[in-house]
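Today I am looking up how one chain is put together, beginning with a single residue.

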Amino acid sequence: MYLHLGSNIAVPTDDIIGIFDLDNASTARDTRRLLRAAEEEGMVTAVSGDLPKSLIVCCPQGSWQRVYISPLAPATLVGRLESIRSLLL
């Protein structure tokens, strides 16, 4: 299954490591380091030009992690993910 992150971008749910509130996560030094490294590797994708609200960290099988920055609230994305997973159970 896929989770829609906004602006026609969807990621496989199995690849998602975490969904984070961008305001809270970006204050941590380790998160800033992760974002900087991912950006240097070209692994950051801004879902849209709208105000970013969430940070989605994915690790596709056999690949380095990819980071998505989405305008959707983390609660919205987590709610969608829970809905998808409830369909599978």
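I began with serine 7, which counts as partly exposed because its relative accessibility is 45% (buried is under 20% relative accessible area, exposed over 50%, partly exposed in between, with a 1.4 Å probe and protein chains only). Serine 7 sits in the loop between strand 1 and strand 2 (9-12); strands are DSSP runs of E with at least two residues, helices runs of H or I with at least four, numbered from the N terminus.

A note on the source: this is a predicted model, where local features need pLDDT of at least 70, side-chain atom pairs count only at pLDDT 80 or more, and totals for chains, interfaces and linings use all residues. Residues are numbered from 1 along each chain as its sequence is written, and side-chain values use heavy atoms, leaving out hydrogens and water.

Next I checked the partners of serine 7. Leaving aside neighbours within four places in sequence, I found Val47 and Ser48 in contact with serine 7 (heavy atoms within 4.5 Å). The C-alpha atoms of serine 7 and valine 47 are 6.2 Å apart, though 40 residues separate them along the chain.

Then I looked up the largest nonpolar core, which has 12 residues, including Val47, Cys58 and Leu77; such a core is a set of buried Ala, Val, Leu, Ile, Met, Phe, Trp, Tyr and Cys residues joined through side-chain atoms within 4.5 Å. Helix 3 gives the most to this core, three residues.

Buried residues make up 36% of its 89 residues.
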